[in-house]
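Here is a protein chain to read strand by strand. The questions below go through its pairing and its sheets.

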Amino acid sequence: MSSQVVCRKPARWGLWMTSDPRGRRFTVEKSMQQLLLRAGFLCLLTVLVSSPAAQATFHFYDISEVYSSADGSVQFVELFTSRNGQQFLGGHGIAAFRGASSNDFAFIGRGPAPTANRSLLIATASFEAACGIVPDYILPDGFLFGPDGGVSFGPNVDTVNYTLLPLDWVTSLNFPGGATGTNSPENHAGDTCSLVVPVRIDINPGSDVDRINPMSRSVIPVALLGSDTFDVLDVDVTTLSFGPAGAPSVLPLTNPWVFRFFTHFDVNHDGHKDLFALYRTQETGIALGDDEACLNGETLDETVFRGCDHITTVPKACGLGFELVLVLPPLMWVYGRRRRQIHRLEERSHHSSSKMLLGSCSDVEHGHA
Ligand SMILES: [Ca+2]
Ligand SMILES: [Ca+2]
Ligand SMILES: [Ca+2]
């Protein structure tokens, strides 16, 4: 006869306390279903405790790369983490220090996610133009100290110290370890770039309106401007390339005669000789909507440089800027020559008519006489 259960209450794990009609108390095993339910709950609890979401924080980011230009206008700090759930940056920040001086930058709100094997790029406003990728956060100019100093992330997460921060546009400090290597900033999206020496260029020199019709069959004049710190004689002219597609110069810059008489002169009259060259529009890769075009090149010691200038792209009907510069002078010359010819013919004709008139008058006078 099976016992009739009249009351139940928990005894210990896996057992129920029960009693029969005579009041004798004993324990029985729980049903398998109840045991599975309890085991499932424990598993779920374990998973929740050990899951990345439960570890969602910020402190697994480390400082991975640091750079500053000599004037402090182009600086960046790169962070890296191999873990997910590190986007909770709000309330934390980066501090640059040197002796008793320090600069602070605070993150606001959450950072971008996911974070596993991603970088965060915190850079000055001029960084994008110098390197070509968009930083995740903007630092004020001169944030990092140099040539010696340090950076910390946290507080109390990661701190790096340096004695000689590279300022050469080529190398940066990489951490952990602080080794010097070619700069390689990377943002959260995974975009990477390398800083290059910035130089100045002038597209359509002497003209404030740099209109370019991308479909034009003409050429675009570009002056690479020399300065106190940049001598265009140091340029390896075979490396010059203009526009997104890297058009080569139409002028043979390696020809000493061409170089001396057509390309190497002071275009903007500032006392520094410049390097003038022409690039075929359709080889530049400039497209409608582009608002900037850049000239890339290397110096003879293989230092990479880049200079950019603003442009306005226009459709074919409006893109007459440089074409008119080329076509108008000969047209004006032909027009002027034609006008002079007509004027001379008119003068001759007027002179002949006057003579005839004078002759007939004289005949009349003689007739009267
Ligand atoms: Ca890097
Ligand atoms: Ca210009
Ligand atoms: Ca000049």
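**Strand pairing in a predicted model**

Q: How many residues lie between E4 and E5 in the hairpin they form, and which residue in the turn has a positive phi?
A: This is a predicted model. In it, E4 and E5 make a hairpin, and 6 residues separate the two strands. The turn residue with a positive phi, of about 75°, is Gly-72.

Q: In which sense do strand E4 and E5 pair, and what is the bridge partner of Asp-62 in E5?
A: Strand E4 covers residues 62-68, and its pairing with E5 is antiparallel, over 6 bridges. Within E5, Asp-62 has as its bridge partner Phe-80.

Q: Which residue in E8 stands opposite Thr-81?
A: E5 also pairs with strand E8 (residues 118-124), in the antiparallel sense and over 6 bridges. The residue in E8 that faces Thr-81 is Arg-118.

Q: Is strand E5 mostly covered or mostly uncovered, and how many of its residues are buried?
A: Strand E5 spans residues 75-81. A residue counts as buried if 20 or more other C-beta atoms lie within 10 Å of its own. By that cut-off strand E5 is mostly covered, with a buried count of 6 of its 7 residues.

Q: What is the bridge partner of Ala-96 in E10?
A: Strand E6 (residues 93-98) and strand E10 (residues 149-154) run antiparallel and are joined by 5 bridges. In E10, the partner of Ala-96 is Val-151.

Q: Why is one side of strand E14 and of strand E18 left without a neighbour in the sheet?
A: The open sheet has 4 strands in the order E14-E22-E21-E18, and its pairing is mixed. Strand E14 (197-198) and strand E18 (235-242) stand at its edges, so one side of each has no neighbour in the sheet: each has a single partner strand.

Definitions and conventions
Residues are numbered from 1 along each chain as its sequence is written. Chains are lettered from A and ligands numbered from 1 in the order in which they are written. This is a predicted model: local features need pLDDT of at least 70, side-chain atom pairs count only at pLDDT 80 or more; totals for chains, interfaces and linings use all residues. Two strands pair if DSSP finds at least two bridges between them. A residue is buried if 20 or more other C-beta atoms lie within 10 Å of its own, exposed if 12 or fewer, and partly exposed in between; C-beta atoms are placed from the backbone.
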